[in-house]
Amino acid sequence: MNNSISKILERKLKTNEIGQNIIFYDITDSTNNEAKRHSNLKSGTLIIADDQTDGKGRLGRVWKSNSGDEILMSLLLKPSVSPDEVSKITLIAGLSVCKALRNFGAKIKWPNDVIINSKKVAGVLTEMSAELNKINYIVCGIGININTTEFEEELFNKATSLYLTSGKKYDRSDILEKVLYEFESLYFEFLENGLNNILSEYKANCINLGAIAKAVFKDKTIIGKVVDINTDGELILETDNGKITISSGEVSVRGILGYV
Ligand code: BTN
């Protein structure tokens with residue numbers, strides 16, 4: 001993807017607001033950092049890069065990339081919602097990627113990992129600047145492995161790309177256009193009605209529902225059956241000690257035997 005991606009994408013875009021303003025980098029530290037540095041720009045601004053030197057994942061992890069093989073993107077958003085609604089927007093981001101990749105059989109691992117054949121193909125890192133009751137801006141960062149041909153040993157059993165699952169290479173602007181289209185429709189639905197009309201679609205695509213899961217917190221691990229996801233986007237685990245509600249923040253949810 002070189003700078004012409006902005007031009008190609010502009011021609012393909014079917015959105016009204018999301019991605020209508022695009023900033024492209026050959027390489028930057030992190031598109032999330034760039035979005036924060038451009039937080040004066042309008043809501044819906046899309047920052048994309050071919051490579052990152054300091055890509056960030058959830059829970060303080062590193063997000064590695066190979067120049068030009070992935071979609072590395074961040075959306076700057078300025079919704080009029082309270083800060084505690086933001087975790088729901090990360091669910092929507094995961095669902096929009098999942099819908100854009102529906103032809104590949106993509107599913108969601110709560111809260112927002114996108115999975116194909118039990119391996120992670122995309123992840124979402126949402127950051128925000130807020131005051132007590134007011135959001136200044138949200139940065140919704142999404143990484144999607146498109147044409148990645150191999151992963152290092154530690155990711156080998158956990159990560160995949162569209163290329164590795166299908167044997168074909170893809171034009172990243174085609175996938176990006178679909179993600180932005182799906183995101184826009186879910187985002188504006190969310191701003192009007194919250195998760196009410198989105199939750200059933202999220203649940204239908206969520207691989208955790210009905211499965212035994214391990215919720216790994218900093219200081220403890222809880223095992224239980226995933227029995228529901230509520231309208232706040234929280235996971236309901238049925239454990240030996242009763243039901244517990246888990247919100248997405250500082251937790252990683254895994255299968256009992258491995259990643260999924
Ligand atoms: C995760 O699953 O841990 C979240 C990964 C998010 C990675 C993307 S790549 C584009 C954006 N910039 C970053 O530094 N991180 C996000």
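Modeller: I begin with the ligand, where a polar side-chain atom of glutamine 52 lies 2.9 Å from a nitrogen atom of the ligand, a pair that falls under the definition of a polar contact (N or O atoms within 3.5 Å; within protein, one must be able to donate a hydrogen and the other to accept it, and residues adjacent in sequence count only if both atoms are side-chain atoms). A polar side-chain atom of threonine 31 lies 3.1 Å from a nitrogen atom of the ligand, while a polar backbone atom of lysine 56 is 2.7 Å from an oxygen atom of the ligand. Taken alone the ligand exposes 410 Å², and the protein buries 99% of that; such areas come from the Shrake-Rupley method with a 1.4 Å probe, and for residues only the protein chains shown count as cover. There are 20 residues around the ligand, of which Ser30, Gln52, Lys56, Arg58 and Lys120 come nearest, where being near requires a heavy atom within 4 Å.

Before going further, please keep in mind that this is a predicted model, in which local features need pLDDT of at least 70 and side-chain atom pairs count only at pLDDT 80 or more, whereas totals for chains, interfaces and linings use all residues. Residues are numbered from 1 along each chain as its sequence is written, and side-chain values use heavy atoms, with hydrogens and water left out.

Turning to the chain as a whole, its secondary structure comes to 6 helices and 12 strands, which are DSSP runs numbered from the N terminus (helices are H or I with at least four residues, strands are E with at least two). The radius of gyration of the chain is 17 Å, close to the 18 Å that the globule rule gives for 260 residues, so the chain is as compact as a globular protein of that length; the radius is taken over C-alpha atoms, and the rule is 2.2 Å times the number of residues to the power 0.38. Buried residues make up 52% of the 260 residues, where buried means under 20% relative accessible area, exposed over 50%, and partly exposed in between (1.4 Å probe, protein chains only).

Side chains of opposite charge can pair when their charged atoms come close. A search of the whole structure finds 17 salt bridges, each being a side-chain nitrogen of Lys or Arg within 4 Å of a carboxyl oxygen of Asp or Glu. In helix H2 (residues 31–37), arginine 37 and glutamate 34 lie 3 residues apart, about one turn of the helix, and their side chains meet in a salt bridge of 3.0 Å, N to O. Glutamate 34 counts as buried, at 8% relative accessibility.

Another salt bridge joins glutamate 177 and lysine 14, whose closest N and O atoms are 3.4 Å apart. Because glutamate 177 lies in helix H5 (residues 172–193) and lysine 14 in the loop between helix H1 (4–12) and E1, this pair ties together parts that are 163 residues apart in sequence. Glutamate 177 is buried, with a relative accessible area of 8%, whereas lysine 14 is exposed, with 55%.

The side chains of aspartate 228 and lysine 203 also meet in a salt bridge, at 2.7 Å from N to O. Here strand E9 (residues 221–229), which holds aspartate 228, is linked with helix H6 (residues 199–204), which holds lysine 203, across 25 residues.
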